[in-house]
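I opened this notebook page to record what I looked up in one protein model, going from the overall layout to single residues. The entries are in the order in which I made them.

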Amino acid sequence: MRPTGHSSEDNNNVNDHQSQATKILAPFNPTSAAAQTRSLQILELTGEDALYDLGCGDGRFLIRAAESVPKLKCVGIELDSKLSARAFSNVSENGMLDRIGIIAGDVVESMSGDHLAACTAVFVYLLPKGLQQIESILKKVRAKKNGRVLSYLFQVPGW
């Protein structure tokens, strides 16, 4: 019988998984159609906006927003690679690749530079701990002229 153990590669995979787990802002829980409709009413998006869904899951809110608002540009950021792949596939299947981009990555790392500059509206469905982790990003968007942040279900701590 051979002894079992973990190789250094196994340890790296565990560390990568743990590192990703600390970046997860919320578990996947799709936003209902009724909540999407109400969120779009509250955000009052126009074709001049750039909507960012931080933790976009399968992309359903972005697709709904783009269908509802002509010329709206949308970007979804999703850490979970399976969900970001599903979001990209859903966007593609709906013929929206010219208006919706999907970023497979960390929200904190992705929402800087050009993305932060372009963003005029944010939709988030995150737990309070996740909202706390991205509060500085949300504040920067909200501080812009006509910048809007909508957090579905949970209030941004301190707001």
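**Entry 1, overall layout.** I noted at the outset that this is a predicted model, and I read what follows with that in mind. I looked up the secondary structure and found 8 helices and 5 strands, which from the N terminus on run α-α-β-α-β-α-β-α-α-β-α-α-β. Of the 159 residues of the protein, 40% count as buried. I then looked at contacts between residues with a separation of 6 or more, and residues 24 or more positions apart account for 70% of them.

**Entry 2, the sheet.** In what order do the strands lie in the sheet? I read the order as β3-β2-β1-β4-β5, in an open sheet of 5 strands with parallel pairing. The edge strands, each pairing on one side only, are β3 (residues 100-104) and β5 (residues 148-151). From one strand to the next the twist averages 15°. I also looked up how α4 sits against the sheet: α4 packs on it and touches β2 (residues 73-78) and β3, and the direction of α4 makes about 165° with that of β3.

I turned to β1, residues 50-54, which runs parallel to β4 and is joined to β4 by 4 bridges; here Leu51 stands opposite Ala121 in β4. β1 is also parallel to β2, with 5 bridges joining the two, and Ala50 stands opposite Lys73 in β2. The path from β1 over α3 to β2 makes a right-handed β-α-β unit.

Why do I call β1 largely enclosed by the rest of the structure? I do so because 5 of the 5 residues of β1 are buried. I checked which way they point: Ala50, Tyr52 and Leu54 go one way from β1, Leu51 and Asp53 go the other way, and all are buried.

In α3 I noted Phe61, Leu62, Ile63, Ala65 and Ala66 as buried. What covers the buried residues of α3 includes α2, β1, β2, α4, β3 and β4.

How many disulfides does a search of the whole structure find? The search finds 0.

Is Leu40 buried or exposed? Leu40, which lies in helix α2, counts as buried because its relative accessibility is 13%, and the cut-off for buried is under 20%. Not counting residues up to four places away in sequence, Leu40 touches Leu45, Phe61, Arg64, Ala65 and Ser68. Leu40 and Ser68 are 28 residues apart in sequence, and I read their C-alpha to C-alpha distance as 8.4 Å.

Phi of Glu44 is near 50°; Glu44 is found in the loop between α2 and β1 and counts as exposed, at 60% relative accessibility. Phi of Asn146 is near 70°; Asn146 is found in the loop between α8 (residues 135-143) and β5 and counts as exposed, at 54% relative accessibility.

Conventions. Residues are numbered from 1 along each chain as its sequence is written. This is a predicted model: local features need pLDDT of at least 70, side-chain atom pairs count only at pLDDT 80 or more; totals for chains, interfaces and linings use all residues. Side-chain values use heavy atoms; hydrogens and water are left out. A disulfide is a pair of cysteine sulfur atoms within 2.5 Å. Two strands pair if DSSP finds at least two bridges between them. Axes are lines fitted to C-alpha atoms, for helices over the stretch in contact, and angles run from 0 to 180 degrees between N-to-C directions. Contact means heavy atoms within 4.5 Å. Buried means under 20% relative accessible area, exposed over 50%, partly exposed in between (1.4 Å probe, protein chains only). A crossover is right-handed if, with the strands pointing away from the viewer, the path from the first strand over the helix to the second runs clockwise.
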